[in-house]
Structure formats: structure tokens, C-alpha cells
Amino acid sequence: MRLLFSIGLFLLFLNSAQSAPQFTKCAQTIRSLITPQHDTSVELEIKNSDGVLSLLTTTDGTLAPLLPPKPGFSILGFRLPPALDESFKGWSYEQVAKEPWDNLTISQKEYFLTWVSARKKTDFFKDRKVPGFKIKDKATLTFSKPTEFLGKTYEPGTHEIDISHLFRQVEYGNPSQNPSMLELHFRTKNPSGEVSVGAWTFLSGLNQPKIHQHVHIVNTLNIKQLQEEGRVRSVMIADLYRRANLILEMMVIVEEKHRGLRAHTSGDIIFWDTLSSNNLDWVYKHLEKTRKTGKQPHLGSAAKMAYVGFRGADTYDDPSLFGFEVRGISRFANEEFTKKYLNTLQWAMAQENYGIPKESMEKWIKQNNENPQFKFGSTWYNQPWEELKTNGFAHRFEEIIDPFLRKNFYNLEENRELKMLLHDWSNDPLLFQNKKLIDQIREKQIQALSRLNAGRDSQQKIVSDFLIQSGLYGIFTRSLGQ
């Protein structure tokens, strides 16, 4: 009995160890990122509250930037909207303009924000800034225990902290430009993982709940190297981007126990989506156009929608940069794993090989040159279902996947992680030379599909176990640190 208990404990420990992301060079990564070359920026989409309002002020500290131009002669004189008129009854335009923002009550501040937003002329997609506002230079943060914040430890209690170097403009959080949802940009030159954790620590100090993050990690795009090395360098960068997405999706499934990778839309507006094969191909073509023309073409938000979006120079304040916008960091994320992922990704972006030797990538390109119809996007598992059904698992889809989803009222495109069980991994740039591993993946796919058909285990657990037991989770997470 004692022996069985020991074996069970060992297996539990082994499974736990295997399930953790394997960022094997994280220690070296952190040392090399003590002073990163570029800032990391965290976008915080946050509900407006007393704590958030305590951070805001106007561009000159008074109400003047929030008022319309002084009216000319009018029999009615200067009028504020009804919600504010009673508070400032009898005040002249000049008196209102000189009034300090900090003298206002919480409700008055909210009314001014609403009034300014209603008068904003520019569209959200052209200009997201909240007119007339900025972040204060100092914030009052309260910690209930000793807390490390961006390299400095604070004792329990209330602290006034200089944040003038951390924040940029105040933006609206969604296209409706309703000030009840704002976006703050937390930015500093620290390792990206520390910046991510620091942003959550900052919110905690304001007594605000933990929220999801968008983290921008940038690096210089060496166009001269692109041109000297040819197509292989474009493929290598595009593949790092592909692996960054796959690893984060895997972490969400394995660590956060998430089920249902899908898009979130409202009418014609897409708020969230996963990486598609077309968008991956778009990123590769963007790099190839950059190589051929000698400068980055306009990219905008064309490749934004994914767990990790791809951003060109037009997004940033330096024409030499490109960036990964890590959008899939939820409030449920494991902070330690997230920190290691971000630090290692930032390190990988600055390396010569990005985790796969150049010689291996040249061999992979040569192997695929024989197919004139080949697109880089075909390396991504999230293919249309009709295409996945042609890779040898069609009968498995018809017999298992489709009936399972219909029985449980699941939509095909709301459960995209199941595509991992049908995808042909044999031509993956990281895996194509490892036949033993490819055979193991195929075997675990068959086992996972059989479990799905049996209906005894949850979909999330089946996909999570597949990623761990097939070796995919380990080899992809390790690849960032190579």
C-alpha cells in the first residue's frame, strides 16, 4: 500500500513537472535583461473608479482644457450641461476655467469626463486619446505586506510614488468612447516580465482588481540583415511569432484550464480573435516586402488579432522597430509563468537564431521549395476545418469531432483548440527533423480523439493532456530559450 502511494505521489510530481512551461534558459535570460535596450509597454483596459480618477488630472491642472472655446456675446451667457450647471451656478467662464481639477468631487469629475467625451469629434480608430487629460506625476499606493515594485521593495503602508516616467496618455477603452472604460499605458525600460507584474502590483496598490493585459515587446528590425540573408531571415522572424502565439495558447489551456479558443465580436467589430493561417502568412509577406523595399510598409492593426499580435514600425515611435503585442494575458494567468514567458520572449527576439538554428530553417525552406503552392501560414494548426480533414484524419473528424461538438452544442469555431488534435505537425519548422517525436504526436492525437469519443473526460483536460504527453508543450516552450 505504501509502495502504491509512493508511486502515485511520484507520478503526480512527474506530471506536475512536465506540465510547467520549460523556459530552460530563464536564469540567463533575466541576467541579460537587467537593462533592456527598449521600453516595454503594458496596456491596461480598466473600468473607471475612484482609484483611477485619483490618477487623472488635466493637461494644466485646471478645468480650462475641458471647456469649449469661450463664447462670444450671447444673451444666455456661458452654460454648462445640466449635470454640472447647478454646481457652478453664477460662475463666469473665467472662474470655471481657473478652477483646479482636484477641487472637484468624484461625481463632478465623472460629469466632466462624460461631457468632454460627448463633444469629441474624432473617431476612436483615428484618435483614442481622452481630450484634455493626462496622468499625474505621483500616485498614492497602499500595500498590505512588503511589496516589490519595479526593483524596489516597499514596507506595508501608504506610499507616494513618482510615476511620471511610467505613464503616457489616457485613452478610451473601447470604440464607444464611453469614459466608464479607460486604457492606461504603463511603460518603462525594465524586463518585460517585470513590467507586466509591476502593472498588476500598481493596480493592487490602488485597490483595483487584477485585469487582463496587452504587453508590447519591441526590438530593432535589422533590414540590412534581412536583405543580406534573403528569405530565411523573414521565415525565422515569422516562425518566432508563430511559436510565441502557440506557446501562449498552450499555457492558457494547460495552466489556466481554459476551454474554447474563439473570436469575440459585436456586429462588424472584432474585439478578440485567435491567430489565423492567413494572418500568419500576412506577417511573413510584410517581412518580405520590408526586405525587398528596404523599409517597413504600413501595417497598422492588420496582424493585431491573436494571442500575440504583430506590430510594424508605424505603431511605435521609432521607424526601426517591430513588436509583438502580447494580448492573451488574462487576470487568471500564473504571474511567475507569465513573467518567464515575457522575459524569455523578449530575450529570444534579440537573438541571432530566435530558437531554431539558421541551418535547420534553411533545410526546412529547401524541403518546401518543391511545393510552389506552399504558404507559411500552413504551418499553423488553426486551418479551416475542411482543410484539416484532408490530412489523413478526415474519418476521425466525421466519426468523433463533429458528432461530439453537435452533441454538446459546441460551435466548431468556438473550440479551435480541437484543431490541434487533427493538425499534421510533421512539417512544423521546429519538429520536421524529429521523426520519433512526430510519431509520438500522431499516437497521442489518436489517443486524445478516442478519449473525446468516449466522453468521460472534459475537452479541456483531453487537449491539455495531449499537449503535455505528446511533448509539444515542452519542446515549444524550451525553444524560446535556446
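Mentor: Let's start with a definition: a charge sits over a ring if NZ of Lys or CZ of Arg is within 6 Å of the ring centre and within 35 degrees of the ring normal. Keep in mind that this is a predicted model.

Trainee: Okay, so which ring does the charged end of Lys210 sit over?

Mentor: Look for the charged end of Lys210, which is 4.2 Å from a ring centre. The cut-off for that distance is 6 Å. The ring belongs to Trp200.

Trainee: And how far is Arg119 from the ring centre of Trp115?

Mentor: Trp115 belongs to an aromatic cluster with Phe88, Trp91 and Phe112. Arg119 lies over the face of Trp115, and its distance from the ring centre is 4.3 Å.

Trainee: How many aromatic pairs does the structure hold?

Mentor: Rings pair if their centres lie within 6.5 Å. On that basis, the count for this structure is 22.

Trainee: Is the pair of Phe23 and Tyr341 stacked, edge-to-face or tilted?

Mentor: Their centres are 6.3 Å apart, with 55° between the planes. Stacked needs under 30 degrees and edge-to-face needs over 60, so what remains is the third class. The pair is tilted.

Trainee: How many residues apart in sequence are the parts that Phe23 and Tyr341 tie together?

Mentor: Both residues are buried. Phe23 lies in the loop between helix 1 and helix 2, while Tyr341 is in helix 11, so the separation is 318 residues.

Trainee: What kind of pair do Trp272 and Tyr307 form?

Mentor: The ring centres of Trp272 and Tyr307 are 5.0 Å apart. Their planes stand at 75°, and over 60 degrees is the cut-off that matters, so the pair is edge-to-face.

Terms used: Residues numbered from 1 in each chain as written. Predicted model: local features only at pLDDT ≥ 70, side-chain atom pairs only at ≥ 80, totals over all residues. Heavy atoms only, no water. Phe/Tyr/Trp six-rings, centres within 6.5 Å; stacked < 30°, edge-to-face > 60°. Helix = DSSP H or I, 4+ residues; strand = E, 2+ residues; numbered from the N terminus. Buried < 20%, exposed > 50% of the residue type's maximum accessible area, 1.4 Å probe, protein only.
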